[in-house]
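Please open the model in your viewer and keep a selection tool at hand. The stops below go from one selection to the next, with a short account of what is found at each.

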Amino acid sequence: MSDQAYPDPQRIDVHFHTIPDFFRDAVIAAGRGPTISSGFPAWTPDTSVQLMDRHGIAAAILSVSQPGVHFGDDAAAAALARRCNDYMAGLISDRPTRFGAFATVSLPDVDAACKEVAYALDTLKLDGVCLLASYGERFLGDPHFEPLMAELSRRRAVVFIHPNFHPSSRTIQLPYPAFMMEFLFDTTRAAANLVFSGTLDRYPDIRFILAHAGGALPYISWRMSVSPVIDPRLPRLSPDDVMERLGRFWYDTAISAGPSTFGSLDAVARPDRIVFGSDWPYAPESVTTLTVEALTQPDRFDADRQQAIARDNALPLFPRFAR
């Protein structure tokens, strides 16, 4: 792909991060940070739009990545979540056709999270909610989060699930960055818990998007589907039951666009539930280039499939971006 702008930008990028200075400063003050060794990448609204124009991205749904906003103080976390959401709403006001946003919430404080969902979706009119796959030792699907799930279901919210850096991953004696493997396992564990805890069945109106093609979920899906046959501690779901539930998720393409990943993903995801994601700026522009190139190979995807992944599959979730 050339570095020239597409004449007709069309992609809807569901995995596109914002890093406002105040968020970066709060994370650093808390002794936390991203899992890439270079630290926080540079980010501004203008450079975002320039990147989008170079890669045919018509609209990007902004989100705040791990470690989120909660560093031990409930009140400070709620205030930081509110500031992030107000900031993203301002970006949308400035560029309504280019930006959307997933609201940030201050989990594990469930009461504050429910209040912020109401503010973000009712007052700010944001496009959905970003949840991390885990908070502390708890994964999504844990009973602790039940009131929030009920609130999200009542609103038929679009929920983007992004991995966190789970405490157990911090103790593994491997020198590799967490985004390379541990992030994928965090998402996989959360998705499995949403299935086997019955959360997907109790709240079918929540529309969950899994980051990074669901982590390891597509590859282990068959193993997961037969697990209830092996171990009676699991809910009495048949293999077909498990696979049907995995098909309820949406899956983004961020750092996951290659043929080896799609070989598994196409066996699990519904064709209309694979959506474009870049993971910029934590994944640099060179990876966005590789992602677009991988998804526009005519020997892999015909024109209709390319259009579906780039744009059409996301429109039912974000109809305000329809032309």
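On a 1 Å grid over the protein atoms alone, a cavity is a set of points where a 1.4 Å probe fits but cannot get out, a pocket is an open set with protein on both sides within 12 Å along at least five of seven lines, and lining residues have an atom within 4 Å of a point. This is a predicted model, in which local features need pLDDT of at least 70 and side-chain atom pairs count only at pLDDT 80 or more, while totals for chains, interfaces and linings use all residues. Residues are numbered from 1 along each chain as its sequence is written, and side-chain values use heavy atoms, with hydrogens and water left out.

**The cavity**

Select Val64, Gly68, Thr104, Val105, Cys130, Leu132 and Tyr135, which line the largest cavity. Its volume is about 60 Å³, where a volume is the space filled by probe spheres set on the grid points, and points are joined across faces, edges and corners. The count of cavities of 30 Å³ or more comes to 1. By class, the lining of this cavity has 5 nonpolar, 2 polar and no charged residues; here Ala, Val, Leu, Ile, Met, Phe, Trp, Tyr, Cys and Pro count as nonpolar, Asp, Glu, Lys and Arg as charged, and the others, Gly among them, as polar.

Next select Phe179, Leu184, His212, Ala254 and Ile255, which lie nearest the centre of the largest pocket among the 28 residues that line it. About 500 Å³ of space lies in this pocket, and its lining has 16 nonpolar, 11 polar and 1 charged residues. Helix H6 (182–196), helix H8 (217–230) and helix H10 (259–265) each supply at least two residues of that lining, and H10 gives the most, with 3 residues; helices (H or I, at least four residues) and strands (E, at least two) are DSSP runs, numbered from the N terminus.

Then move to the second largest pocket, with a volume of about 210 Å³. Of the 17 residues that line the second largest pocket, Arg32, His70, Tyr135, Gly136 and Asn164 are the closest to its centre. By class, this lining has 9 nonpolar, 6 polar and 2 charged residues.

**The nonpolar cores**

Now select Leu131, Leu152 and Phe249, the residues with the most contacts inside the largest nonpolar core, which has 83 residues. A nonpolar core is a set of buried Ala, Val, Leu, Ile, Met, Phe, Trp, Tyr and Cys residues joined through side-chain atoms within 4.5 Å, and buried means under 20% relative accessible area, exposed over 50%, and partly exposed in between (1.4 Å probe, protein chains only). Helix H3 (residues 74–94) provides the largest share of this core, 7 residues.

**Helix H5 and the residue after it**

In H5, select Leu148, Met149, Glu151, Leu152 and Ser153, which are buried. The buried residues of H5 pack against H4, strand E4 (128–132), E7, helix H7 (199–202) and E8. Just after H5, arginine 156 takes a positive phi of about 50°; Arg156 is found in the loop between helix H5 (146–154) and strand E7 (158–162), and counts as partly exposed at 42% relative accessibility.

**Other backbone stops**

Alanine 213 also has a positive phi in a residue other than glycine, near 55°. Ala213 sits in the loop between strand E8 (207–210) and H8, and at 1% relative accessibility counts as buried.

Two prolines come next. The peptide bond from glutamine 66 to proline 67 is cis, with omega near 15°, and Pro67 lies in the loop between strand E2 (57–63) and H3. The peptide bond from leucine 107 to proline 108 is cis, with omega near 15°, and Pro108 is in the loop between strand E3 (99–103) and helix H4 (110–123).

**The cysteines**

How many disulfides does a search of the whole structure find? The search finds 0, a disulfide being a pair of cysteine sulfur atoms within 2.5 Å. Cysteine 84 is in no disulfide, and the nearest cysteine sulfur, that of cysteine 130, is 11 Å away; Cys84 is buried, with a relative accessible area of 1%. Finish at cysteine 114, whose sulfur is 16 Å from the closest cysteine sulfur, in cysteine 130, too far for a bond.

Notes: Contact = heavy atoms within 4.5 Å.
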